[in-house]
Amino acid sequence: MNELPAAVELVDVWKRFAGQEAVQGVNLAIAEGEFFSLLGPSGCGKTTTLRMIAGFEQPSQGVIRLLGEAIHDTPPHRRNINMVFQNYALFPHLSVFENIAFGLRAKRVPRTEIRKRVLESLEMVRLPGLEDRKPAQLSGGQQQRVALARALVNRPAVLLLDEPLGALDQKLRKEMQLELKRLQREVGITFVYVTHDQEEALTMSDRIAVMNQGRVLQMAEPRQIYDNPATRFVADFIGTTNFIAGWVSSIERGMATVELDGLGTACVPDQAGLVAGQPVTLAIRPERLRLANAPSPDQPNHLAGVLEEIIFVGNDTQYLLRFGNGTRLLIREQNRSPAEGGTDYRAGQTLYVNWSPASSNVLLE
């Protein structure tokens, strides 16, 4: 049985502007029905990549396919793709109904079919009964839903979303993240989503491509990217990470011993390519570290340091531990009451940070 073609495929795609390479050799295969995110800082090439899929930019080199058909030379209006922008681009003088119907009228869809599909789209985005309002009479979240309904009413094969939640406040953004994911699952359309917000990408995506300087550095499921970042940039960009430099002193029975510069040693799982004497960097998430008054008998890795700062952030508390060589580690622990086994540390205390070998991600770059 032959595999179905990818909904969107980019093969060795490059884009140059005035001699500058904005996108460099990007290869992507996005499955039908997938929620796929392009994630990275401003200027990394993610929006340029999206615009090439939409047809608003032409690749300098490479092939772009939609459902197996090459489209990189096809005009935007002839691609079965719709796009939602950050500013929504609603017509202020038209009603919600007419905004959503605009594309259907341009295609000369019969009037009865237009009404049926517009009302279905409003139900889909949970805005029934608002078809006669103007955009100015809607909240930011409602305007965003109208923009989504306008894109979905055309029944595209792929929906492109360019930072569509960027204009919303934080609380509404979180609500709309869940709504977007629900909507994508219900309609089954492939979503290609551009964002610089790592939490947003982790929350909604089936897979993420992390980009920097025009290249895809890692493409994987959210948990894989968070737990096993491929590079220091990915580890640093996705969430918060502690980095400790060192070198491999020995490898034995599937475990490597790493000499940490000026701190001591740590055990990490052996992985392909590790050799004695090799410089490495350990990347450890703050929530994988544990503070204690003494070394843990259950954890082979432990370092003693001075508690420099305590930061209460509601559900969690963050602790900054300083070591003799100037290194600082951030530890994040969920808050618990003393009755639940919570602790009451004070700045200036000497404490131990403990962690398991599996909590260290070894970076070779």
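This is a predicted model: local features need pLDDT of at least 70, side-chain atom pairs count only at pLDDT 80 or more; totals for chains, interfaces and linings use all residues.
User: How is a pair of aromatic rings described?

Analyst: By the distance of the centres and the angle of the planes. A search of the whole structure finds six aromatic pairs. Take Phe91 and Phe102: their ring centres are 4.8 Å apart and their planes meet at 45 degrees, so this pair is tilted.

User: Where do Phe91 and Phe102 lie?

Analyst: Phe91 is in the loop between strand S6 (81–84) and helix H2 (96–106), and Phe102 is in helix H2. The pair therefore ties together parts 11 residues apart in sequence. Phe91 is partly exposed, at 29% relative accessible area. Phe102 is partly exposed too, at 45%.

User: Which pair is edge-to-face?

Analyst: Tyr319 and Tyr345 form one, with 5.8 Å centre to centre and 80 degrees between the planes. Planes over 60 degrees apart count as edge-to-face, so 80 degrees qualifies. Tyr319 is in strand S17 (residues 316–322). Tyr345 is in the loop between strand S18 (328–334) and strand S19 (350–355). The two are 26 residues apart, and the pair links distant parts of the chain.

User: Are Tyr319 and Tyr345 buried or exposed?

Analyst: Buried means under 20% relative accessible area. Tyr319 has 8%, so Tyr319 is buried. Tyr345 is buried as well, at 8%.

User: Which residues do ring pairs link into a cluster?

Analyst: Phe35, Phe191 and Tyr193.

Conventions: Residues are numbered from 1 along each chain as its sequence is written. Side-chain values use heavy atoms; hydrogens and water are left out. Rings of Phe, Tyr and Trp (its six-membered ring) pair if their centres lie within 6.5 Å; planes under 30 degrees apart count as stacked, over 60 as edge-to-face and the rest as tilted. Helices (H or I, at least four residues) and strands (E, at least two) are DSSP runs, numbered from the N terminus. Buried means under 20% relative accessible area, exposed over 50%, partly exposed in between (1.4 Å probe, protein chains only).
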